[in-house]
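Try each task before reading on.

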Amino acid sequence: LNMAAAAADGAATAATCVRPKAWSEQVEDAYRFQLAGYRDAQEYRSVRGSDPERWNGSGFIKKLERRDGSFYYFNKVRECADKEVQQCKLYH
Amino acid sequence: MKPKTVDRAEAARQKAFTTQALQRNVNVGAPPRSGAFQEKCRSQPTQFRKFYERGDFPIALEFDTKGNKIAWKVEIEKLDYHHYLPLFFEGLAETEHPYEFFARQGVHDMLEHGGSKILPVIPQLIIPIKNALNTRNQKVCCTVLKALQHLVVSADMIGEALVPYYRQILPILNAFINKNENLGDGIDYSQQKRENLGDLIHETLNAFEIHGGEDAFINIKYMVPTYESCMLQ
């Protein structure tokens with residue numbers, strides 16, 4: 001019952017949180033969301049109501065709107081340095 | 001009362017290019033320094049600093065960020081580039097935190113997302129770039145050169161648009177193109193961090209030549225005679 005309720009609710013808390021060991025595109029996305037104060041794409045969608053803008057070539061996130069209404073802009077290339085990979089959180 | 005002692009050498013020194021200077025046993029002293037490589041401090045704060053302190057920039061000024069990012073209150077796509085981009089370029093001449101951080105990041109973000117809005121603003125950027133380079137401050141020059149490298153690749157035709165302005169921005173690069181420290185067999189870590197001025201100037205001139213079109217090399221060579229082409233002729 002709990003799991004069904006959690007799946008129905010878009011902003012539900014995640015079941016597990018993992019710290020990644022190596023960089024990947026998923027880690028880069030998580031890094032960009034967490035810099036802007038969100039947990040992941042699901043939380044951003046529930047707060048903002050839309051998916052974030054992405055770069056055409058690489059597919060990384062281009063622009064995020066923070067909770068206070070200001071905007072963060074990100075580069076087309078990788079921004080998450082190796083030393084910051086372990087500080088990211090991947091929620092499942 | 002003791003008589004005032006006068007330095008004999010000072011007393012003996014005559015002004016150069018006078019009739020007395022032609023006489024025997026007359027010392028005209030060393031020529032005065034020209035100060036070509038000396039850092040020139042700005043007499044008044046930049047417009048960027050004044051606008052920043054008034055809060056006129058559309059950037060959030062709090063420091064709750066983890067990374068090196070500035071939060072924009074207004075979307076960059078909606079900004080008036082004719083007003084803001086020259087101001088941010090003027091802020092590149094700043095050396096104090098947080099002015100230099102906001103100017104550097106602001107220029108980076110605006111160039112990254114400007115697209116076709118950057119080309120019409122190029123003439124207004126030349127004076128701020130020239131003033132920043134004329135401070136002759138190593139850090140400021142490095143920041144401006146990195147901004148110039150980003151500028152020429154940020155959109156089409158910008159390299160060609162800069163060619164008529166080479167005579168205004170390249171003279172100072174000519175002065176510092178040989179500023180490479182001779183460390184013998186030591187390791188120059190400033191090269192890795194892209195803070196070695198001589199190498200950065202070479203990189204920037206290469207970028208100008210690659211993106212400047214056909215006339216770029218000859219115009220660069222006119223202002224920086226020791227520059228050699230990086231493209232196959």
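This is a predicted model: local features need pLDDT of at least 70, side-chain atom pairs count only at pLDDT 80 or more; totals for chains, interfaces and linings use all residues.

Residues are numbered from 1 along each chain as its sequence is written, chains are lettered from A and ligands numbered from 1 in the order in which they are written, and side-chain values use heavy atoms, with hydrogens and water left out.

**Exercise 1.** Classify the aromatic pair of Phe37(B) and Phe176(B).

Solution. 
- Rings of Phe, Tyr and Trp (its six-membered ring) pair if their centres lie within 6.5 Å; planes under 30 degrees apart are stacked, over 60 edge-to-face, and the rest tilted.
- For Phe37(B) and Phe176(B), the centres are 5.7 Å apart and the planes make 80°, giving an edge-to-face pair.

**Exercise 2.** Find the salt bridge partner of Arg54(A).

Solution. 
- A salt bridge needs a side-chain nitrogen of Lys or Arg within 4 Å of a carboxyl oxygen of Asp or Glu.
- Arg54(A) meets this with Asp29(A), their closest N and O atoms being 3.2 Å apart.

**Exercise 3.** Decide whether Arg54(A) and Asp29(A) are buried or exposed.

Solution. 
- Buried means under 20% relative accessible area, exposed over 50%, and partly exposed in between (1.4 Å probe, protein chains only).
- Arg54(A), at 36%, is partly exposed.
- Asp29(A), at 18%, is buried.
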